Each structure stands twice: as structure tokens, then as C-alpha cells.
Amino acid sequence: MTRIIVVGGGPAGLMSAFFAANNNNDVLLLEKNEKLGKKLYITGKGRCNVTNEKCVGQDFLNNVVSNPKFLYSAISAFDYNDAVAFFEDNGCKLKVERGGRVFPVSDKASDITKALTHAIMQKGVRVQLDTNVVSIEKNGETFEVQTNKGLFVCDKVILTTGGKSYPTTGSTGEGYEFAKSFGHNIIPAKPSLVAIPLKGAYVASLEGLSLKNVELRLVGKKKRYSFFGEALFTDKELSGPIALSMSAHIAHLDNASENKLFLDFKPYMTQSELEERLLNEFEQNKNSDVQTVLKTMLPARFVPVLLDVCEIAPNQKVHSVTKSQRLSIAVAMKNFELKYEVSKDFERAVVTTGGVDTKEINSKTMESKLCPGLFFAGEIIDVDAYTGGFNIQIALSTGCLAGRSAGGEA
């Protein structure tokens with residue numbers, strides 16, 4: 001029998017504890033909060049997007065932003081199909097929605113936490129809440145875990161303390177310090193899957209404007225990224241699914257000023273097709289104001305902003321619009337530049353990019369290469385993915401592998 005302590009009661013910790021408890025191991029889960037899965041309660045706007053149909057093999061890895069190859073063994077051990085079976089076996093029915101996103105049928109994130117909790121209780125895992133770990137040291141072959149509730153001794157430790165996003169749920173980065181105490185390198189933590197801060201006088205005037213079927217592009221000297229779908233202007237930021245996914249790449253930029261961000265309002269049309277469409281519209285409405293014609297092609301609230309950028313008066317008659325002015329409108333519709341900044345907002349970031357260096361972790365077991373008996377799972381590791389259920393799947397998959405390995409199955 002192996003004595004195993006899991007530090008952190010999020011999805012990675014709960015999954016680690018579940019698998020570590022096999023072979024009659026003695027598993028103790030320590031959680032600093034008053035309840036388990038506190039961050040899960042607010043994911044997916046309280047509905048918990050727990051996984052995605054694409055969380056299988058290469059499809060999954062294609063949606064991982066940081067160190068996808070590191071997760072090959074983890075997703076092979078526990079993928080989308082395993083996740084669905086696990087939750088349904090533990091009393092939580094799931095449903096698939098647009099984009100392959102998977103939610104509880106009840107639309108209650110609490111049912112995901114209940115299923116995970118039910119699973120570990122069935123395995124005999126002991127849980128101690130309101131327990132803050134102060135330090136972890138290795139003494140010979142055993143670990144000494146000092147907490148506000150006293151000292152605990154074990155044979156193996158699994159660190160699943162999360163990153164730094166949503167610190168009010170307990171993710172404050174202390175796990176990085178524990179890892180550093182064992183010699184691990186920590187890739188600097190940055191917020192990811194977060195609204196993109198925008199600069200420009202026009203931004204406030206667009207607050208609340210929702211966009212559909214648009215493309216967001218990030219263009220640099222060496223790389224180019226694009227996402228198609230929905231976006232939302234807030235008072236100072238661009239939010240919505242495509243903005244959150246793009247933020248995962250913006251977080252990794254060495255120099256944001258060398259990379260430009262563009263909105264394409266007509267991604268289904270080429271530049272030349274759009275120019276032809278504009279010419280036809282203008283020819284059919286020669287005596288109309290230019291703003292009136294453009295409101296049939298763009299969100300009405302955006303038209304004044306676009307015309308301002310093109311230096312065209314909203315009430316200018318269409319018949320007086322020059323060819324160069326018409327071309328500038330077409331270019332702006334396909335390539336409207338958004339002046340942006342790199343977010344520093346951990347308070348609202350869905351996940352953290354950065355963490356324990358994957359080069360120092362055995363990807364087949366999640367065990368530290370520097371300290372035998374120490375394992376990692378979840379957001380504490382330098383792995384993160386796009387929005388859509390992929391990050392919770394990372395937690396479940398790495399948790400499964402860490403738990404099995406610590407418990408003697410791998």
C-alpha cells in the first residue's frame with residue numbers, strides 16, 4: 001500500500017485521487033477551500049464545458065496551444081470517450097452542443113463536481129478541506145507536507161494546485177513555489193483565454209456590439225493565426241469565443257507591437273468579390289448617403305467607426321464617393337485593424353499559460369524528472385488550450401496519468 005497525498009481539489013486533483021486510489025492505496029486529498037471543485041462552479045458560465053468531441057488523438061492536440069506533444073500519452077490514457085463514460089457512470093448525464101462542446105444535461109456545473117466527488121468517495125479517498133499547504137519537503141524516501149492543520153507524511157505527492165487564473169477560487173500560484181523548491185523551472189505565468197484590451201477612442205462607442213460570422217486575424221512577421229465565429233465588444237475590450245482563443249496566442253508574443261490584429265467582417269468573400277459587391281450596391285443607390293448603404297452590409301453601430309477610419313463623411317452621397325474611397329471601405333471591411341494590448345488580467349482569465357517546465361516532467365507518467373515520487377497534473381503544468389472544453393480535458397487526462405502512475409498502475 002502506497003501513501004499518496006494529492007494537493008488541490010480541482011478536476012485534475014479529483015481525477016488524480018480517483019486513479020491513485022486503485023491497488024488499495026491510501027490517498028489523502030488536501031484542499032485549501034471550503035469545498036471541492038470551486039473553480040468548476042464558474043466555468044462555462046456556471047454550466048461547465050467539461051470536454052469536447054474533438055478531445056481525441058490528433059484533433060485534441062491540434063487545439064492545444066502550449067506543448068501539445070507533451071500531452072500525447074495523457075490523451076491516449078484518458079480521452080473524450082473515457083470522460084463521457086466516467087461522468088455518466090458516476091451519475092452525470094452529458095450532452096453535446098455546437099462546436100462539439102460537452103455540458104451536463106442539467107446545465108449545472110455542480111453536477112460535474114458531484115460526479116467527481118462521488119467517484120473518489122467510492123474509492124475511499126480521504127478529503128480534508130480548509131487545509132492550506134505551507135511547505136513540502138522530501139526526507140529520504142518520504143515526503144513531509146506541512147499544513148495549517150499539521151504535518152502529513154506520505155510516499156508520493158501529486159501537485160494539482162492550478163495556475164493563477166481566477167485567484168478568488170484558490171488558484172494563487174503557490175504550487176509553482178512548491179515545484180521550485182524541488183529545483184523545477186517555472187515558465188512565467190500569463191493570463192490566457194481572456195478578453196483582449198483594446199485602444200482607441202471608438203471602442204467605448206461599440207460597447208455591447210455583438211458580432212457573428214466574423215474572422216479575427218493576428219498577423220506577424222513569422223506567424224499568422226485566425227479564428228472564425230462570434231465576438232463581443234465590451235467597454236474596453238474584445239471578448240467572445242474567437243477573442244478568447246486568440247488571446248492564447250497573444251499571451252505568447254515577445255513583442256505585441258510587431259503583430260497586428262484585424263477583424264474581417266466578410267470572411268466568406270475575397271477582397272475582389274467584396275469590391276464588386278460594393279460597386280453594385282453603390283450603383284443601385286447613387287443618391288443615398290454612404291452610411292445608409294453600408295448599414296445593409298455591416299452592423300449599424302460600426303458604420304460610423306469604419307467611415308471615420310476611412311476619413312469619409314457619413315452623409316456623403318454615394319455618387320460622389322471616389323474609386324479610392326470605395327476601395328478603402330472594402331479594405332477596412334476585410335482588414336479593420338484593432339489596436340490592442342496584452343492582457344494582464346488573471347482575475348478573469350479562464351486559464352493560465354506557463355507553469356512547470358514540461359521538459360522536467362516525464363510525459364508518460366507525469367512524474368518529476370528531478371524528484372522521484374513527485375507528480376504534476378492540470379494547470380500547474382505549462383500546457384494550455386483553446387476554449388471549448390479542452391483545458392478541463394487536459395486536467396482530467398493528466399490527472400488520470402499522474403494518479404495511475406503514482407498508484408503503481410503505469
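Me: Which residue stands opposite Lys95 in S6?
Reply: Phe103 stands opposite Lys95. This is a predicted model; local features need pLDDT of at least 70, side-chain atom pairs count only at pLDDT 80 or more, and totals for chains, interfaces and linings use all residues. Residues are numbered from 1 along each chain as its sequence is written, and side-chain values use heavy atoms, with hydrogens and water left out.

Me: Which residues make up S6, and what about S3?
Reply: S6 covers 101–104 and S3 covers 51–52. S3 and S6 pair antiparallel over two bridges. In that pairing, Asn52 sits opposite Arg101 of S6.

Me: What holds paired strands together, in general?
Reply: Backbone hydrogen bonds, with the strands either parallel or antiparallel.

Me: New topic. In what order do S8, S9 and S10 run in their sheet?
Reply: The order is S8-S9-S10. The sheet is open, with three strands and antiparallel pairing. The edge strands are S8 (133–139) and S10 (150–154). Each of these two pairs on one side only.

Me: How many degrees of twist in that sheet?
Reply: From one strand to the next, the twist averages 20°.

Me: Where is S9, and how many bridges does S8 make with S9?
Reply: S9 spans residues 142–147. S8 and S9 share six bridges, in the antiparallel sense. Asn139 faces Thr142 of S9 across the pair.

Me: On to helices. What angle do H1 and H5 pack at?
Reply: About 25°, with the axes 9 Å apart. H1 is residues 11–20 and H5 is residues 109–122. Axes are lines fitted to C-alpha atoms, for helices over the stretch in contact; angles run from 0 to 180 degrees between N-to-C directions.

Me: So what do we call H1 and H5?
Reply: That angle makes H1 roughly parallel to H5. Under 35 degrees counts as roughly parallel, over 145 as roughly antiparallel, 65 to 115 as roughly perpendicular, and the rest as oblique.

Me: And what about H8 and H11?
Reply: H8 is residues 271–284 and H11 is residues 323–334. Their axes come within 9 Å and cross at roughly 130°. H8 and H11 are therefore oblique to each other.

Me: Last one. Which residues line the largest cavity?
Reply: Pro191, Val194, Ala195, Ile196, Pro197, Ser247, Ile250, Ala251, Glu341, Val342 and Ser343. A cavity is a set of points, on a 1 Å grid over the protein atoms alone, where a 1.4 Å probe fits but cannot get out; lining residues have an atom within 4 Å of a point.

Me: Which elements give two or more residues to that lining?
Reply: Strand S13 (196–199) and helix H7 (241–250).

Note on methods. Two strands pair if DSSP finds at least two bridges between them. Helices (H or I, at least four residues) and strands (E, at least two) are DSSP runs, numbered from the N terminus. On a 1 Å grid over the protein atoms alone, a cavity is a set of points where a 1.4 Å probe fits but cannot get out, and a pocket is an open set with protein on both sides within 12 Å along at least five of seven lines; lining residues have an atom within 4 Å of a point.
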